[in-house]
Amino acid sequence: ILTPAHAELPLGVIPAGSTNILAHSLHGISHVVTATLHIIMGHLQPVDVCTFSTIGKLLRFGFSAMFGFGGRTLALAERHRWMSPNQRRDFAVIKTLAHLKPEDCEISFLPFNSSPDLQQRKAQRSLKSDCNDQWQMIQGQFLNVSIMAIPCLCSVAPRGLAPNTRLNNGSMALIIARNTSRPEFIKHSTKHTQ
């Protein structure tokens, strides 16, 4: 079990990308002036951050990760930055859907015990009390696996890709799409972003 660590130095976030999920999740909008005013006024908002690592080596910090369809779509869109954001997104989604294929995965996770007494849990700030210490494991063919520590709000998903996730409750959303037909996956993806 990992213990939450508090940052010694607060960071200011000014949106400069195309989706700006952190700025949207923090302020409800991706607006440079709004973000700057929050920084100037000293607005502090604790946010959960994940570490991504391989055996013995830290790779990066982040708020979300996608494997399968989502990861391929983002990577393809990134390689076509010369296109406008909307064209790039549509192109990447259509091309990735055309080559949709499942990945054989084994996923292990600790389920989060959601209790109605969130304030008491926050006061204790103990992940041990929130996890049942029993790792769960699922195997199979998956089209997409997403891990999100924040709601991941953006213009494409105004409610967020993980709408039930909070900014700082010490948990993450694990969203898995098992292997299914292309039409069913498109229906799931459309419903998921709305």
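Is Phe69 buried or exposed at 11% relative accessibility? Phe69 counts as buried, because 11% falls under the 20% cut-off. The views below come from a predicted model.

**View 1. The aromatic pair of Phe69 and Phe185****.** A search of the whole structure finds 1 aromatic pair. The ring centres of Phe69 and Phe185 lie 5.0 Å apart. Their planes stand at 75°, so the pair is edge-to-face; the cut-off for that class is over 60 degrees. Phe69 belongs to helix H3 and Phe185 to helix H6. The pair therefore ties together parts that are 116 residues apart in sequence. Phe185 is buried, with a relative accessible area of 2%. Phe69 is buried as well, at 11%.

**View 2. The salt bridge of Arg72 with Glu103****.** The structure holds 4 salt bridges, and Arg72 with Glu103 forms one of them. The closest N and O atoms are 2.1 Å apart. Arg72 sits in helix H3, and Glu103 sits in strand E4, residues 103–109. The two residues are 31 apart, and the pair links distant parts of the chain. Arg72 is partly exposed, with a relative accessible area of 27%.

**View 3. The salt bridge of Glu78 with Arg81****.** The two side chains meet at 3.6 Å, N to O. Arg81 counts as partly exposed, at 41% relative accessibility.

**View 4. The salt bridge of Asp90 with Arg89****.** Here the N to O distance is 3.6 Å. Asp90 has a relative accessible area of 39% and is partly exposed. Arg89 counts as partly exposed too, at 33%.

**View 5. The second largest pocket****.** This pocket holds about 1400 Å³ of space. Its lining has 46 residues, and Thr19, Met66, Gly70, Leu74 and Leu161 are the closest to its centre. Several elements give two or more residues to the lining. The helices are H1 (21–27), H3 (69–79), H4 (85–98) and H6 (182–193). The strands are E3 (64–68), E5 (136–148) and E6 (173–178). Which helix gives the most to the lining? H3 does, with 8 residues.

**View 6. Residue classes in the lining of the second largest pocket****.** Nonpolar residues number 25. Another 17 residues are polar. The remaining 4 are charged.

Terms used: Residues numbered from 1 in each chain as written. Predicted model: local features only at pLDDT ≥ 70, side-chain atom pairs only at ≥ 80, totals over all residues. Heavy atoms only, no water. 1 Å grid on protein atoms, 1.4 Å probe; cavity = no way out; pocket = protein on both sides within 12 Å on 5 of 7 lines; lining within 4 Å. Points joined across faces, edges and corners; volume = space filled by probe spheres on them. Helix = DSSP H or I, 4+ residues; strand = E, 2+ residues; numbered from the N terminus. Nonpolar A, V, L, I, M, F, W, Y, C, P; charged D, E, K, R; others polar. Phe/Tyr/Trp six-rings, centres within 6.5 Å; stacked < 30°, edge-to-face > 60°. Buried < 20%, exposed > 50% of the residue type's maximum accessible area, 1.4 Å probe, protein only.
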